Amino acid sequence: MFKKWGVFEILESKIEARLKREVEDLGGLALKFTSPGMAGVPDRLVLLPKGKIYFVELKAPGKNLRPLQLKRKEQLESLGFKVYVIDSYEKINVFLQEVVD
């Protein structure tokens, strides 16, 4: 964490590390996702037991998707994939509650 204007903010990397750890605790993988030749793809490909696949874009708290990231999110969703934007530990919990049965 770093201090900015008197408020402690959580770094995106800390949120990403927590997501990875929580997914692994469930027996899944949170793979770093890059796609050469296609910018703007989500940061992580989350693979959970029972063949569940999700894309996750991680952001620093309060940060929004860039226009190209929004376009990629919409493209993936139009193909039927779930794409989550996570910018806090609380949103990790919401994500996990939604995807785990």
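1. Start with helix α3. Helix α3 lies across β4 (44-48), β5 and β6. Its direction is at about 155° to β6. Keep in mind that this is a predicted model.

2. Next, the sheet under discussion. Strands of a sheet pair through backbone hydrogen bonds, either parallel or antiparallel. Here 4 strands form an open sheet. The order is β3-β4-β5-β6, and the pairing is mixed. Strands β3 (29-32) and β6 (82-86) stand at the edges. Each has a single partner strand, so one side of each is left without a neighbour in the sheet. From one strand to the next, the twist averages 30°.

3. Strand β5 (residues 52-58) and β6 run parallel. They are joined by 5 bridges. Which residue of β6 is the bridge partner of Val56? The partner is Tyr84.

4. Now the helix pair. Two packed helices are described by the angle between their axes and the distance between the axes. For helix α1 (residues 12-25) and helix α3 (residues 89-99), the angle is about 30° and the axes are 10 Å apart. An angle under 35 degrees counts as roughly parallel, so α1 is roughly parallel to α3. The crossing of α1 past α3 is right-handed.

5. What makes the contact between these helices? From α1 come Lys14, Ile15, Arg18, Leu19, Glu22 and Val23. From α3 come Tyr89, Ile92, Phe95 and Leu96. By class, the contact of α1 with α3 has 7 nonpolar residues, no polar ones and 3 charged.

6. Last, the salt bridges. The count comes to 6, taking a side-chain nitrogen of Lys or Arg within 4 Å of a carboxyl oxygen of Asp or Glu. Glu16 lies in helix α1 and Lys32 in strand β3. The pair therefore ties together parts that are 16 residues apart in sequence.

Conventions: Residues numbered from 1 in each chain as written. Predicted model: local features only at pLDDT ≥ 70, side-chain atom pairs only at ≥ 80, totals over all residues. Heavy atoms only, no water. Axes fitted to C-alpha atoms, helices over the stretch in contact; angles between N-to-C directions. Helix = DSSP H or I, 4+ residues; strand = E, 2+ residues; numbered from the N terminus. Parallel < 35°, antiparallel > 145°, perpendicular 65-115°, else oblique. Left-handed = near helix turned anticlockwise from the far one by under 90°. Contact = heavy atoms within 4.5 Å. Nonpolar A, V, L, I, M, F, W, Y, C, P; charged D, E, K, R; others polar. Pairing = 2+ DSSP bridges.
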